Amino acid sequence: MDPQPRDEVFSAEQPSIGDFTFNRKVATVFDDMVTRSVPFYPEIQRMVAELAADFATPGSSIYDLGCSTGTTFLLLQGALAPDVRLVGIDNSKEMLEKCRTKFEAEGIKRPYELRFADLNQGIAIDNASVVLMILTLQFIRPLYRDKLMADIYHGMNENACLILVEKVLGEDSLFNRLFIKYYYDMKRRNGYSDLEITQKREALENVLIPYKLLENREMLLRTGFRYVDVFFKWYNFCAMVAVK
């Protein structure tokens with residue numbers, strides 16, 4: 001297998017930092033970017049696939065909202081009944097292209113659909129036994145998050161699960177400052193320079209808007225989910241599972 005192209009999107013000084021977008025340049029290096037930028041990313045993905053496989057039911061669909069390059073589906077699909085349908089949705093055509101290429105290289109035979117859509121406009125889903133939002137909700141404008149959650153909930157089967165992985169704010173400004181410091185230390189350990197860290201932070205400032213962990217939990221309960229639990233937490237990153 002060819003090595004992943006290395007993320008150097010912000011390695012050169014840029015005179016003007018625009019908003020972060022999932023363009024072709026980012027899509028090309030995304031797998032390296034997310035592995036080096038998200039703490040314990042491979043383990044989070046393994047846990048997500050493990051949980052999703054237990055909730056997936058024959059004849060149903062699994063939705064990955066913000067599917068990016070399809071990493072979660074590729075980890076999961078071998079543990080599913082052959083008639084479980086995969087539906088990947090993303091607002092980046094470049095990400096969907098990369099995902100389709102990976103699916104074809106893997107030789108996936110089960111039914112699947114890759115769909116271009118902006119989740120800020122809501123979503124129509126049906127017959128879902130599992131819905132995945134892996135580092136996606138944080139990019140949805142806060143004004144639209146409750147409506148999106150309601151759309152998701154209404155398209156889920158009874159006893160289906162939603163798996164949510166998010167960057168989160170600390171519950172107090174003291175913790176928030178510490179968690180961010182530890183996070184940037186992790187990025188340095190993974191080979192990012194201070195320039196890369198600073199420029200990416202500036203690019204994400206207006207597009208990635210995290211909630212506190214408890215705010216996300218309250219939103220899920222407010223939507224109608226019966227059970228909500230945390231299955232992973234590392235400083236300012238959190239993974240939750242909610243059951244309808």
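Which residues touch the most other members in the largest nonpolar core? Met 33, Val 48, Ile 62, Leu 132, Leu 135, Ile 163 and Phe 231 do, in a core of 52 residues. A nonpolar core here is a set of buried Ala, Val, Leu, Ile, Met, Phe, Trp, Tyr and Cys residues joined through side-chain atoms within 4.5 Å. Buried means under 20% relative accessible area, exposed means over 50%, and partly exposed is in between, with a 1.4 Å probe and protein chains only.

Some ground rules. This is a predicted model: local features need pLDDT of at least 70, side-chain atom pairs count only at pLDDT 80 or more, and totals for chains, interfaces and linings use all residues. Residues are numbered from 1 along each chain as its sequence is written, and side-chain values use heavy atoms, with hydrogens and water left out.

Take Leu 135. Setting aside residues up to four places away in sequence, Leu 135 touches Val 34, Val 38, Tyr 41, Val 165, Glu 166, Lys 167 and Phe 237. Contact means heavy atoms within 4.5 Å. There is also a second, separate core, with 31 residues. Val 87, Leu 119, Met 133 and Met 149 are among them.

Next, the cavity. The structure holds one cavity of 30 Å³ or more. The space in this largest cavity is about 50 Å³. On a 1 Å grid over the protein atoms alone, a cavity is a set of points where a 1.4 Å probe fits but cannot get out, and lining residues have an atom within 4 Å of a point. Points are joined across faces, edges and corners, and the volume is the space filled by probe spheres set on them.

What lines the largest cavity? Asp 7, Val 9, Phe 10, Lys 187, Tyr 192, Glu 196, Ile 197 and Lys 200. By class, that is four nonpolar, four charged and no polar residues. For the classes, Ala, Val, Leu, Ile, Met, Phe, Trp, Tyr, Cys and Pro count as nonpolar, Asp, Glu, Lys and Arg as charged, and the others, Gly among them, as polar. Helix α7, residues 194-204, gives the largest share of the lining, three residues. Helices (H or I, at least four residues) and strands (E, at least two) are DSSP runs, numbered from the N terminus.

Cys 161 is in no disulfide either, with the nearest cysteine sulfur, that of Cys 238, 15 Å away. Cys 161 is buried, at 0% relative accessible area.

Stay with Cys 67 for a moment. Cys 67 is in the loop between β1 and α3. Cys 67 is buried, at 2% relative accessibility. Leaving out residues up to four places away in sequence, Cys 67 touches Gly 88, Ile 89, Asp 90 and Leu 96. Met 133 is 66 residues from Cys 67 in sequence, yet the two are 7.9 Å apart, C-alpha to C-alpha.

On to backbone angles. Most residues other than glycine have a negative phi. Ser 68 is not a glycine, but its phi is positive, about 50°. Ser 68 is in the loop between β1 (61-65) and α3 (71-76). At 13% relative accessibility, Ser 68 is buried. Asn 159 also has a positive phi, near 70°. Asn 159 is in strand β5, residues 156-167. Asn 159 is partly exposed, at 46%.

Is Asn 216 buried or exposed? Buried, at 0% relative accessibility. Asn 216 is in helix α8. Beyond its neighbours within four places in sequence, Asn 216 is in contact with Leu 137, Leu 164, Glu 166, Val 168, Tyr 211 and Met 240. Asn 206 is exposed, at 55%. Asn 206 lies in the loop between α7 and α8 (213-223).

Last stop, Pro 42. Pro 42 is in helix α2, residues 41-55. Pro 42 is exposed, at 53% relative accessible area. The C-alpha atoms of Pro 42 and Thr 72 are separated by 9.8 Å, and the two residues are 30 apart along the chain.

Notes: On a 1 Å grid over the protein atoms alone, a cavity is a set of points where a 1.4 Å probe fits but cannot get out, and a pocket is an open set with protein on both sides within 12 Å along at least five of seven lines; lining residues have an atom within 4 Å of a point. A disulfide is a pair of cysteine sulfur atoms within 2.5 Å.
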